[in-house]
Amino acid sequence: MTLVLYYRPLASYRHKVLIALYERGVPFEARYVDLGDPNSATELNEAWPVGKIPVLKDGARIVPETSVQIEYLDRKRGGAAMIPADPEAALEARLWDRFFDNYVMTPMSKIVTDRIRPDGKGDAHGVEEARALLRMAYGVADKHLATRQWVAGGAFGLADCAAEPALFYAECVEPFSGGYPNLARYFDRLFARPSVQRVTEEARPFFKFFPYREAMPARLLG
């Protein structure tokens, strides 16, 4: 049965699960959801009332949360496994998956969201805290990547799927390329990956709607 992925083009977490899908060559149907349109969101809300995307549907099975979706694909769809079989390596992969989601993606999203708040409703203090958290995370990741090609387990996997969208947009709001050389070289390797190139190309027409588009490096815009 064909998988269905409910998504929005600029949703950063969409990149994460798409990379895993493209890495393993799994066929799926993409369904765009406009959360501002009740009619468009009806099917998603019936499947997953929480309403957050992307959501994966496999027959009657609803799979929310990108980390769970990628593990589900490992178990049910075969192909290139994103989580190592070795238990210790698997723990490391899951740790770094959470690291990039919580300490890069979350503060990046805080900075982006603050830019589109109504006048007078901004949170300058919260944005500064988010930037400080990003710089801390960059330092930790830079040290970790000093002797590694990929983040965890020795091969491209779950943690790299999480790192791509987080770093892609974080580079626009709090650049790391100038001060964290190991992280910058890792991102170059990541960005050269065919699955990442495909995801980027598909998202390119929608970059004009990104609140920090003017800060996007030329290599990201293509």
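How are α1 and α8 oriented relative to each other? The axes of these helices cross at roughly 130°, and α1 and α8 are therefore oblique to each other. The model discussed here is a predicted one.

**Helix α1 against α8**

- Helix α8 spans residues 194-203, and its axis comes within 9 Å of that of α1.
- The crossing formed by α1 and α8 is right-handed.
- On the α1 side, the contact is made by Arg14, His15, Leu18, Ile19, Tyr22 and Glu23; on the α8 side, by Ser195, Val196, Arg198, Val199, Glu202 and Ala203.
- Sorted by class, the contact of α1 with α8 contains 6 nonpolar, 2 polar and 4 charged residues.

**Helix α1 against α4**

- Helix α1 (residues 12-24) packs on helix α4 (residues 87-115) at an angle of about 155°, and the two axes are 11 Å apart.
- Angles over 145 degrees count as roughly antiparallel, and α1 and α4 are therefore roughly antiparallel to each other.
- Helix α1 makes a right-handed crossing as it passes α4.
- Ser12, Tyr13 and Lys16 of α1 make this contact with Asp97, Arg98, Asp101, Met105 and Met108 of α4.
- The classes represented in the contact of α1 with α4 are 3 nonpolar, 1 polar and 4 charged residues.

**Helix α1 against α3**

- The axes of α1 and α3 lie 9 Å apart, with a packing angle of about 10°.
- Angles under 35 degrees count as roughly parallel, and α1 and α3 are therefore roughly parallel to each other.
- From α1, the residues in contact are Tyr13, Lys16, Val17, Ala20, Leu21 and Arg24; from α3, they are Thr66, Ser67, Gln69, Ile70, Leu73 and Asp74.
- The contact of α1 with α3 comprises 6 nonpolar, 3 polar and 3 charged residues.
- Tyr13 and Lys16 take part in the contact with α3 and also in the contact with α4.

**The largest pocket**

- The largest pocket holds about 1,000 Å³ of space.
- Its lining consists of 31 residues, and Leu10, Ala11, Ser12, Tyr13 and Ile53 are those nearest the centre of the pocket.
- Helices α1, α3 (66-76) and α4 each contribute at least two residues to the lining of the largest pocket.
- Helix α4 provides the largest share of that lining, with 8 residues.
- By class, the lining of the largest pocket has 19 nonpolar, 7 polar and 5 charged residues.
- Ser12 and Tyr13, which are among the residues nearest the centre of the pocket, also belong to the α1 side of the contact with α4.

**Backbone features**

- Ile53 and Pro54 are joined by a cis peptide bond, with omega at about 5°.
- Pro54 lies in the loop between α2 (38-47) and β3 (55-58).
- Although Glu65 is not a glycine, its phi is positive, at about 70°.
- Glu65 is placed in the loop between β4 (61-64) and α3.

Notes:
Residues are numbered from 1 along each chain as its sequence is written. This is a predicted model: local features need pLDDT of at least 70, side-chain atom pairs count only at pLDDT 80 or more; totals for chains, interfaces and linings use all residues. Side-chain values use heavy atoms; hydrogens and water are left out. Axes are lines fitted to C-alpha atoms, for helices over the stretch in contact, and angles run from 0 to 180 degrees between N-to-C directions. Helices (H or I, at least four residues) and strands (E, at least two) are DSSP runs, numbered from the N terminus. Angles under 35 degrees count as roughly parallel, over 145 as roughly antiparallel, 65 to 115 as roughly perpendicular and the rest as oblique. A crossing is left-handed if the near helix is turned anticlockwise from the far one by less than a right angle, and right-handed if clockwise. Contact means heavy atoms within 4.5 Å. Ala, Val, Leu, Ile, Met, Phe, Trp, Tyr, Cys and Pro count as nonpolar, Asp, Glu, Lys and Arg as charged, and the others, Gly among them, as polar. On a 1 Å grid over the protein atoms alone, a cavity is a set of points where a 1.4 Å probe fits but cannot get out, and a pocket is an open set with protein on both sides within 12 Å along at least five of seven lines; lining residues have an atom within 4 Å of a point. Grid points are joined across faces, edges and corners, and a volume is the space filled by probe spheres set on the points.
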